[in-house]
Amino acid sequence: IFIAVFGGFIWYASTMPNLPPTDLQGHVEENPSSHIIDKPMPESIQKHMLEHADGKGAPGVIIQYNCQKYTCRSDLVEKLKTVVDKYPQNVYLAPGSYDGKIILTRLGKREILADFDEGRIIDFID
């Protein structure tokens, strides 16, 4: 029975999607180098940005895209940058290796988009 339960747990864990954090546990008091970065943001820093943007402001929103695993249009990153530029106080953009083409994250909430949808992104931010 132990082997069956253990095997079931391993199977269940292996089928769980890899998604960015939506909580603060394990965060560090460190900020990303910019609001728009071209390398993945460490999860401990993501958690800090969810707490308060730039370490002092309102809670942050993180937009991550995965064009390694998913097929992205050539203008996707530029479109995302244009949206992020409208919210210089608390919105961040970074590539990620999570299971979703575009993943929007804020404290306690996450939304996964299959394609760029500026209206849904803005609704999530606001």
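**Reading the strands, the cores and a buried glutamine**

A: Strand 3 and strand 4 (residues 109-113) run antiparallel and are joined by 5 bridges. Strands here, like helices, are DSSP runs numbered from the N terminus, with at least two residues (E) for a strand and at least four (H or I) for a helix, and two strands pair if DSSP finds at least two bridges between them. This is a predicted model, in which local features need pLDDT of at least 70 and side-chain atom pairs count only at pLDDT 80 or more, while totals for chains, interfaces and linings use all residues. Residues are numbered from 1 along each chain as its sequence is written, and side-chain values use heavy atoms, with hydrogens and water left out.

Q: How many residues lie between strand 3 and strand 4 in their hairpin, and which residue in the turn has a positive phi?
A: The hairpin has 2 residues between its strands, and Gly 108 in the turn has a positive phi of about 75 degrees. Within the pair, Leu 104 has Glu 111 of strand 4 as its bridge partner.

Q: In what order do the elements of the protein chain run?
A: The protein chain holds 4 helices and 4 strands, and from the N terminus on the order is α-α-β-α-β-β-β-α.

Q: In which sense do strand 1 and strand 2 pair?
A: Strand 1 (residues 61-65) pairs with strand 2 in the parallel sense, over 5 bridges. Ile 63 has Leu 93 of strand 2 as its bridge partner, and Val 61 stands opposite Val 91. Together with helix 3 (residues 76-85), strand 1 and strand 2 make a right-handed β-α-β unit; a crossover is right-handed if, with the strands pointing away from the viewer, the path from the first strand over the helix to the second runs clockwise. Strand 1 is also joined to strand 3, by 4 bridges and in an antiparallel arrangement, and here Ile 62 has Thr 105 of strand 3 as its bridge partner.

Q: Why is strand 2 described as largely enclosed by the rest of the structure?
A: The idea rests on relative accessible area, for which buried means under 20%, exposed over 50%, and partly exposed in between (1.4 Å probe, protein chains only). Strand 2 (residues 91-95) is largely enclosed because 5 of its 5 residues are buried. Val 91, Leu 93 and Pro 95 point one way from strand 2, whereas Tyr 92 and Ala 94 point the other way. Strand 1 is likewise covered on both faces, with Val 61, Ile 63 and Tyr 65 buried on one side and Ile 62 and Gln 64 buried on the other.

Q: How many residues does the largest nonpolar core have?
A: A nonpolar core is a set of buried Ala, Val, Leu, Ile, Met, Phe, Trp, Tyr and Cys residues joined through side-chain atoms within 4.5 Å. The largest one has 17 residues, and those with the most contacts inside it include Ile 63, Leu 80, Val 91 and Ile 102. The elements that give two or more residues to this core are strand 1, helix 3, strand 2, strand 3 (102-106) and helix 4 (118-125), and the largest share, 4 residues, comes from helix 3. A second, separate core of 9 residues includes Met 41, Ile 45, Ala 53 and Ile 62.

Q: Is Gln 46 buried or exposed?
A: Gln 46 counts as buried because its relative accessibility is 1%. Gln 46 is found in helix 2 (residues 43-51), and what covers the buried residues of helix 2 includes strand 1, strand 2 and strand 3. Leaving aside its neighbours within four places in sequence, Gln 46 is in contact (heavy atoms within 4.5 Å) with Pro 20, Pro 21, Met 41, Ile 62, Gln 64 and Tyr 98.

Q: With which side chain does the side chain of Gln 46 make a polar contact?
A: A polar contact is a pair of N or O atoms within 3.5 Å; within protein, one must be able to donate a hydrogen and the other to accept it, and residues adjacent in sequence count only if both atoms are side-chain atoms. The partner of Gln 46 is the side chain of Gln 64, at 3.1 Å.
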